[in-house]
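Subject: Handing over a structure, with notes

Dear colleague,

I am passing on the structure below, together with notes on what I found in it. Please read the notes with the structure open beside them.

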Amino acid sequence: MADKIRVLIVDDIAETRSHLAKLLSFEGDIEVVGSAASGGEALDMGVRLTPDVVLMDINMPDIDGISATEQLALRAPRVAVIMMSVQGEADYLRRSMLAGAREFLVKPFSSDELTASIRQVCQRERDKMSRIGPLAAAPAAGSSHSSLSTRSEPGQLIAVFSPKGGVGRTTIAANVAIAAAADVGKKVILVDGSFQFGDIGVLLNLNPKNKTIADLVPELEGGDPESLDPYIINHSSGIRVLLAPPTPEMAELVTVNAVRRALELLRMQADLVIVDCMSSFSDTTLMILDEADTILTILSLEITSIKNMRLFLEVADHLGYPAGKIRLVLNRADAALGIRVPDVEQSIGRKVDHTIVSDGRSVVYALNRGVPFYLSNREAPVSQDILKIAQAISGDPSSTETAPKAGAKKSLFARR
Ligand SMILES: Nc1ncnc2c1ncn2[C@@H]1O[C@H](COP(=O)(O)OP(=O)(O)O)[C@@H](O)[C@H]1O
Ligand SMILES: [Mg+2]
């Protein structure tokens with residue numbers, strides 16, 4: 001007979017916990033290994049006990065069930081979550097699934113519904129594991145298990161974003177990535193998140209025949225691939241790159257869920273995952289901004305760029321992003337355009353964290369040769385500015401004040 005299905009019960013109401021435990025105690029193939037009264041406790045126990053299935057309540061006082069599920073997906077990816085909630089919460093269903101829940105039970109449910117869901121979810125997980133192979137299926141308590149994971153903790157996710165295009169986002173994303181790898185000693189994966197018109201491949205002079213995220217997406221939809229290596233390109237600078245699809249039509253195949261999962265997996269393989277985001281507020285971009293530890297927000301000395309930045313900061317503030325999550329980068333800060341840095345700071349109501357000088361010669365020359373300027377011209381002031389940003393985002397706690405994710409963080413994505 002197969003192993004018993006190990007279940008963790010999470011609900012803030014003690015009566016519900018004991019009721020569920022009692023129902024399950026009649027099932028010979030199910031064993032309740034613990035019960036937690038809060039999202040925080042659920043996380044601790046989920047990581048420590050690595051149950052097969054977590055029955056997760058949504059509304060709880062500290063960390064709600066959706067955030068707990070999201071965090072559990074990162075810290076214990078093999079634990080399958082079944083969400084439990086009362087009727088009439090269609091939005092919760094969608095958000096739960098996006099957070100990584102495998103199943104959704106509407107309260108009140110019968111004991112048959114409950115046990116059928118538990119068995120089904122567990123069976124699906126076990127099938128998936130047997131496909132991935134015996135290596136990945138071998139349990140290793142307290143750590144993440146997939147053969148895709150080479151780290152015990154996910155790396156930092158850095159979104160490079162600007163509400164307006166043409167301000168140097170791609171240039172900065174690529175060169176910061178290279179500086180972090182070459183001179184801060186980080187393992188870096190650069191993701192071209194401009195799925196329709198990605199420029200990273202051209203900037204780094206990569207062969208357009210390389211695989212892209214468009215090849216990875218169908219794999220992810222059938223469960224996690226055995227390895228990400230075929231999709232990630234090694235660049236001579238020492239970074240690794242996940243490219244955008246070769247044509248705009250193919251970008252439509254790149255779903256939010258697939259990107260979310262791809263980023264989770266990539267974070268298990270790198271210290272820094274840096275994403276060059278699109279300017280539009282697509283669902284995918286919003287999800288990336290929500291998930292990011294740090295958002296490098298790029299602006300230039302142009303009145304439209306400054307106006308859009310002010311609006312973006314208002315939205316971010318409203319959503320309760322912690323103050324340290326957004327770092328403002330003013331590109332071409334020395335350009336003589338009639339607007340000065342203090343004017344910008346006054347207009348957007350906060351200080352600029354980093355500035356980058358304008359250096360058309362180095363930047364454009366490098367671009368046309370297909371060699372990023374950080375590599376060809378490391379001593380130039382523009383490269384030194386880039387290096388400072390790479391150091392700041394590289395997680396040296398004394399150099400950044402990036403706050404940890406708030407327990408009850410609001411989600412830009414879920415709000416739409
Ligand atoms: N610091 C800089 N100095 C000079 N030129 C720059 C600088 N940063 C970006 N550029 C140039 O500005 C243009 C837009 O940059 P790009 O990175 O493609 O912007 P985005 O990704 O925001 O659309 C490019 O031609 C790039 O070479
Ligand atoms: Mg770009």
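Strands β4 (residues 80-86) and β5 (residues 103-107) run parallel and are joined by five bridges; two strands are said to pair if DSSP finds at least two bridges between them, and both helices (H or I, at least four residues) and strands (E, at least two) are DSSP runs numbered from the N terminus.

Before going further, please keep in mind that this is a predicted model, in which local features need pLDDT of at least 70 and side-chain atom pairs count only at pLDDT 80 or more, whereas totals for chains, interfaces and linings use all residues. Residues are numbered from 1 along each chain as its sequence is written, chains are lettered from A and ligands numbered from 1 in the order in which they are written, and side-chain values use heavy atoms, with hydrogens and water left out.

On its other pairing, β4 is joined by five bridges to strand β3 (residues 53-57), and these two strands also run parallel; here Met56 has Met83 as its bridge partner in β4. Together with helix α3 (residues 65-75), β3 and β4 make a right-handed β-α-β unit, where right-handed means that, with the strands pointing away from the viewer, the path from the first strand over the helix to the second runs clockwise. Because six of its seven residues are buried, β4 is largely enclosed by the rest of the structure; buried means under 20% relative accessible area, exposed means over 50%, and partly exposed lies in between (1.4 Å probe, protein chains only).

These strands belong to an open sheet of five, in the order β2-β1-β3-β4-β5, with parallel pairing. At its edges stand β2 (30-36) and β5, each with a single partner strand, so one side of each is left without a neighbour in the sheet. Neighbouring strands of this sheet are turned by 25° against each other on average, direction ignored. Helix α2 (residues 39-49) packs on the sheet, where it touches β1 (5-10), β2 and β3, and its direction makes about 140° with that of β2. For such angles, axes are lines fitted to C-alpha atoms, for helices over the stretch in contact, and angles run from 0 to 180 degrees between N-to-C directions, while contact means heavy atoms within 4.5 Å.

A second open sheet is formed by eight strands in the order β8-β9-β7-β10-β6-β11-β12-β13, and its pairing is mixed. Its edge strands, β8 (233-234) and β13 (354-356), each pair on one side only. Three bridges join β13 to strand β12 (residues 326-331), the two running parallel, and Leu330 has Thr355 as its bridge partner in β13. Helix α12 lies across β6, β10 and β11 (294-299), at about 130° to β6.

Which residues form one aromatic cluster? They are Phe161, Phe281 and Phe312. Rings of Phe, Tyr and Trp (its six-membered ring) pair if their centres lie within 6.5 Å, and planes under 30 degrees apart count as stacked, over 60 as edge-to-face and the rest as tilted; by this rule the count comes to three aromatic pairs. Phe161 and Phe281 form a tilted pair, 5.6 Å centre to centre with 40° between the planes. This pair links distant parts of the chain, since Phe161 lies in strand β6 (residues 156-161) and Phe281 in the loop between β10 (272-277) and α12 (283-291), 120 residues apart. Phe161 is buried at 0% relative accessibility, whereas Phe281 is partly exposed at 39%. The rings of Phe281 and Phe312 have their centres 6.2 Å apart and their planes at 25°, so this pair is stacked. Phe312, which is buried with a relative accessible area of 2%, lies in helix α13 (residues 303-318), 31 residues from Phe281.

Finally, for the chain as a whole, the secondary structure comes to 17 helices and 13 strands, and 53% of the 416 residues count as buried.

With best wishes
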